[in-house]
Amino acid sequence: MPFYFTNISSAICQALNSAQNSVLICVAWIDFDRYFHVLDALLKRGVKVQVIVTASAKNHSNRFLNTLIAHGMEFKEITMPRVINPVSYTHLRAHETLSDL
């Protein structure tokens, strides 16, 4: 599949619409306002839709989320482990520990 950097939403919708059996979406955040209609159409066609996202208010407070779940979408939020930027880590003072961050 080619990579798109302009008009990416259209390319994503086109790829989603071509799904025949299942769709697995794993992203940090998803704009359900933008993709509601295409995801709902997939569910109505019997395509299995699974969405995995990071746990955040942006993901779980969307007005379309409950409708998609009611229509059969599987939705899971995961908490990402805290990662320390190696550049920031080198700037820690000698008496600081990672748990102080």
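Arg63 is exposed, with a relative accessible area of 65%, where exposed means over 50%, buried under 20% and partly exposed in between (1.4 Å probe, protein chains only). The model is predicted, so local features need pLDDT of at least 70 and side-chain atom pairs count only at pLDDT 80 or more, while totals for chains, interfaces and linings use all residues. Residues are numbered from 1 along each chain as its sequence is written, and side-chain values use heavy atoms, with hydrogens and water left out.

The count of salt bridges (a side-chain nitrogen of Lys or Arg within 4 Å of a carboxyl oxygen of Asp or Glu) comes to 3.

| Salt bridge | N to O distance |
|---|---|
| Arg63 and Asp33 | 3.4 Å |
| Asp40 and Lys44 | 3.1 Å |
| Lys48 and Glu74 | 3.8 Å |

Arg63 lies in the loop between α3 (57–60) and α4 (65–70) and Asp33 in helix α2, so their pair ties together parts that are 30 residues apart in sequence; helices here are DSSP runs of H or I with at least four residues, and strands are runs of E with at least two, numbered from the N terminus. Asp33 is partly exposed at 40%.

Asp40 and Lys44 are 4 residues apart in helix α2, and therefore separated by about one helical turn. Asp40 is buried, with a relative accessible area of 6%, whereas Lys44 is exposed at 64%. Asp40 also touches Leu68 and His71, not counting residues up to four places away in sequence, contact meaning heavy atoms within 4.5 Å.

Lys48 is partly exposed at 41% relative accessibility, and Glu74 is partly exposed at 39%.
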